[in-house]
2 protein chains.
Amino acid sequence: MINNNYYSQEVHGPYELHDIGNLELEEGGTIRGCQLAYATFGTLNAAKDNAILIPIWYSGTNKIIEQVYIGKGRALDPDKYFIIIVNQIGNGLSTSPHNTPPPAGMGNFPHVRIGDDVCAQHKFVTERFGLDSLALVVGGSMGAQQTYEWAVRYPDMVKRAAPIADTARNTIHDFLFTETLVESITSDPDFNRGFYTSSADVREGLLRHAKMWAVMGWSTEFFHENRHKTLGFSSMDDFIINFMYGYFSVMDPNDLLCMAWKWRRGDVATSAVTPVAICGPRWAELKPRPLSCLCPRICFFPPADCQAEWRLIADAEFRPIQTIDGHLALFGADPNAIGQLDKHLGELLATKI
Amino acid sequence: MINNNYYSQEVHGPYELHDIGNLELEEGGTIRGCQLAYATFGTLNAAKDNAILIPIWYSGTNKIIEQVYIGKGRALDPDKYFIIIVNQIGNGLSTSPHNTPPPAGMGNFPHVRIGDDVCAQHKFVTERFGLDSLALVVGGSMGAQQTYEWAVRYPDMVKRAAPIADTARNTIHDFLFTETLVESITSDPDFNRGFYTSSADVREGLLRHAKMWAVMGWSTEFFHENRHKTLGFSSMDDFIINFMYGYFSVMDPNDLLCMAWKWRRGDVATSAVTPVAICGPRWAELKPRPLSCLCPRICFFPPADCQAEWRLIADAEFRPIQTIDGHLALFGADPNAIGQLDKHLGELLATKI
């Protein structure tokens with residue numbers, strides 16, 4: 001185990017923990033006493049039909065969702081909905097490599113798939129809140145992967161789904177991009193196959209990882225138009241060190257790698273355990289109305305990849321988001337992009353099912 | 001020095017060598033007995049006004065230009081023009097880290113700028129062929145950087161210029177991308193600060209470098225539409241190992257880094273030595289007609305960046321190329337892209353100056 005103050009109530013709270021017991025994983029491992037960290041906003045109504053579930057992206061926690069997406073008068077309004085933000089396994093707040101006791105933690109942490117997260121989340125929301133209906137599942141990036149998986153595994157439970165800026169089946173281009181992210185960390189000799197003394201030991205790997213995110217996460221227009229300066233950084237170097245590296249450097253390398261392993265293999269069609277009959281791409285059977293919101297001008301999860309899947313889903317809408325912030329528009333630095341998302345989510349929630 | 005059979009007449013010939021003597025570099029170093037490797041096609045006419053100069057991109061040599069761009073009946077027709085393909089310093093055929101005797105070679109090789117190459121090339125074409133006019137300078141990627149530099153330094157000599165898929169001033173986004181390329185090699189402990197025994201020692205670094213090129217060099221559409229399979233590779237893994245890594249693995253790491261250092265700092269406005277008065281961006285003073293041909297849907301050197309510069313150049317045309325092969329369309333795997341380039345170059349050459 002690694003002591004890491006970043007993953008704490010002080011930084012990300014308030015959040016609570018729910019122990020779902022042992023979680024047998026699709027890849028064969030078991031997480032013993034798997035804990036999901038979550039935060040809720042609003043009140044569950046008597047009919048228990050106003051719950052919204054928000055799974056989270058790579059490196060994110062409940063806190064950024066709370067800060068950027070939830071608010072009175074907005075689409076995700078705690079006055080109207082009971083909003084549950086659930087941290088994915090490996091994100092540092094839920095059970096993760098860095099907070100798992102030996103011998104199962106750190107470099108020995110088992111491989112987790114998107115389907116494992118969704119099974120764990122299903123157990124959590126049913127046994128903790130007694131839910132049998134979710135008015136909406138919405139998430140960005142890896143949160144979208146979980147959203148697609150939710151819609152495929154529990155089609156009767158998920159009334160609406162809004163996967164944002166990701167695909168139901170990961171592309172081979174994205175698989176390769178993520179490989180370069182993984183190798184930026186694992187190639188650091190101080191990573192020591194996952195058995196370092198402190199996350200800070202892997203400084204060089206984490207810095208390379210941050211740079212690669214800067215190359216791919218935003219867009220060329222973002223830098224061309226000096227968006228990084230608008231955000232308060234005097235130069236690219238300043239932006240890299242004090243924003244990109246500042247963001248990632250406090251995180252645990254094994255935790256990031258756990259999420260990256262899962263991300264790379266996201267594919268609703270090949271999950272090992274499923275209550276839905278496999279019949280061609282399983283996401284063709286989606287029952288709710290997914291709303292796939294994409295950020296244009298990006299180097300990964302571009303609109304074309306998402307559109308290709310959207311065409312396979314009955315009764316779905318594809319709504320592109322206009323922004324030059326690329327994939328990392330999800331972080332909310334472009335208020336106009338968030339405004340567009342709010343509008344789309346509001347219209348989706350207003351749809352009668 | 002490193003013995004590397006890839007840089008040989010057998011692989012890249014026929015080519016010749018021209019010794020321009022000592023080359024004092026903008027950054028302060030000196031290359032002693034600097035040799036430029038070159039290949040020519042066609043015959044110089046009596047007026048000496050039918051010469052075309054083609055400088056070369058990162059990792060490229062005269063051979064790929066010969067194979068992809070030159071031919072009877074094409075724009076670059078050896079029956080009409082005297083075509084000189086010149087290898088940039090550091091590309092392995094011209095003077096480079098791997099072929100320079102100690103102590104100046106390998107990790108001690110001095111830093112070279114685009115301006116140094118163009119000064120060396122100017123000396124070469126004037127003293128070897130007695131040229132005072134170039135009907136066209138054309139190059140792709142780093143060849144475009146050299147093309148811009150030629151047009152700025154020798155505006156009376158360059159009658160037409162066609163910089164393809166690159167910018168006159170490198171962008172900060174591209175500077176960062178190239179940094180990740182550089183670090184993919186230098187982070188390999190076996191790189192040993194540039195003093196390895198064999199290029200093959202740096203296997204892991206070169207493999208990471210190849211993967212990052214695969215992520216950025218093509219496009220998401222390229223893989224979405226299975227272009228890699230069309231090219232004869234059964235999977236992404238097969239493509240990475242047998243095409244991308246196969247291509248780069250035979251090259252010398254220090255040679256690649258020499259070119260990358262130069263590429264990152266490409267900027268016609270800040271070259272230390274210039275016969276052209278500096279007055280705002282120097283490329284605003286370009287006299288010939290540049291023809292900036294870009295490949296859309298790419299993650300670096302996107303059309304928007306090139307268009308921004310093109311607007312600053314008097315009497316220039318911007319002609320985008322339609323292809324999903326991205327930046328690496330320059331390699332010629334999409335005949336349609338090469339056909340478009342041929343058409344544009346033919347029209348440029350037909351222009352009366």
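Me: How many residue pairs are in polar contact across the interface of chain B and chain A?

Reply: In this predicted model, the rule finds 6 residue pairs in polar contact across the interface of chain B and chain A, with both residues of each pair at pLDDT 80 or more. On the side of chain B that touches chain A, helix 5 (172-186), helix 6 (203-217), helix 7 (220-224), helix 9 (236-249) and helix 11 (303-310) of chain B each supply at least two residues. Helix 5 of chain B gives the largest share, 7 residues, and the residues of this side divide into 15 nonpolar, 7 polar and 6 charged.

Me: What makes the meeting of A:Lys211 and B:Glu183 a salt bridge?

Reply: The distance from N to O between these two side chains is 2.6 Å, and the limit for a lysine nitrogen and a glutamate carboxyl oxygen is 4 Å, so the pair of A:Lys211 and B:Glu183 counts as a salt bridge. Between chain B and chain A the count is 4 salt bridges.

Me: What is the extent of the interface, in residues and in buried area?

Reply: For contacts, 28 residues of chain B meet 28 residues of chain A. The two chains bury about 2600 Å² between them, and 73% of that area is on carbon and sulfur atoms.

Me: Why is B:Ser59 called buried, and what does it touch?

Reply: Its relative accessible area is 4%, and because buried means under 20%, the word applies to B:Ser59. This serine is placed in the loop between strand 5 (51-55) and helix 2 (62-69) of chain B. Leaving aside residues up to four places away in sequence, B:Ser59 touches B:Tyr247, B:Phe248, B:Met251, B:Leu256 and B:Met259. With B:Tyr247 the side chain of B:Ser59 also makes a polar contact of 2.6 Å, which is within the limit of 3.5 Å.

Me: What makes the backbone of A:Ser141 and B:Ser141 worth a remark?

Reply: Most residues other than glycine have a negative phi, and most peptide bonds are trans. A:Ser141 is not a glycine, yet has a positive phi of about 60°, and phi of B:Ser141 is likewise positive, near 60°. A:Ser141 is in the loop between strand 7 (136-140) and helix 4 (142-153) of chain A, and at 4% relative accessibility it counts as buried.

Me: Where are cis peptide bonds found?

Reply: One joins A:Gly13 and A:Pro14, with omega about -5°, and A:Pro14 is placed in the loop between helix 1 (9-12) and strand 1 (16-19) of chain A. Another joins B:Pro102 and B:Pro103, with omega about 10°, and B:Pro103 is placed in the loop between strand 6 (82-86) and helix 3 (114-129) of chain B.

Key: Residues numbered from 1 in each chain as written. Chains lettered and ligands numbered in written order. Predicted model: local features only at pLDDT ≥ 70, side-chain atom pairs only at ≥ 80, totals over all residues. Heavy atoms only, no water. Contact = heavy atoms within 4.5 Å. Buried area = accessible area lost by both parts, 1.4 Å probe. Polar contact = N/O pair within 3.5 Å; in protein donor to acceptor, adjacent residues only side chain to side chain. Helix = DSSP H or I, 4+ residues; strand = E, 2+ residues; numbered from the N terminus. Nonpolar A, V, L, I, M, F, W, Y, C, P; charged D, E, K, R; others polar. Buried < 20%, exposed > 50% of the residue type's maximum accessible area, 1.4 Å probe, protein only.
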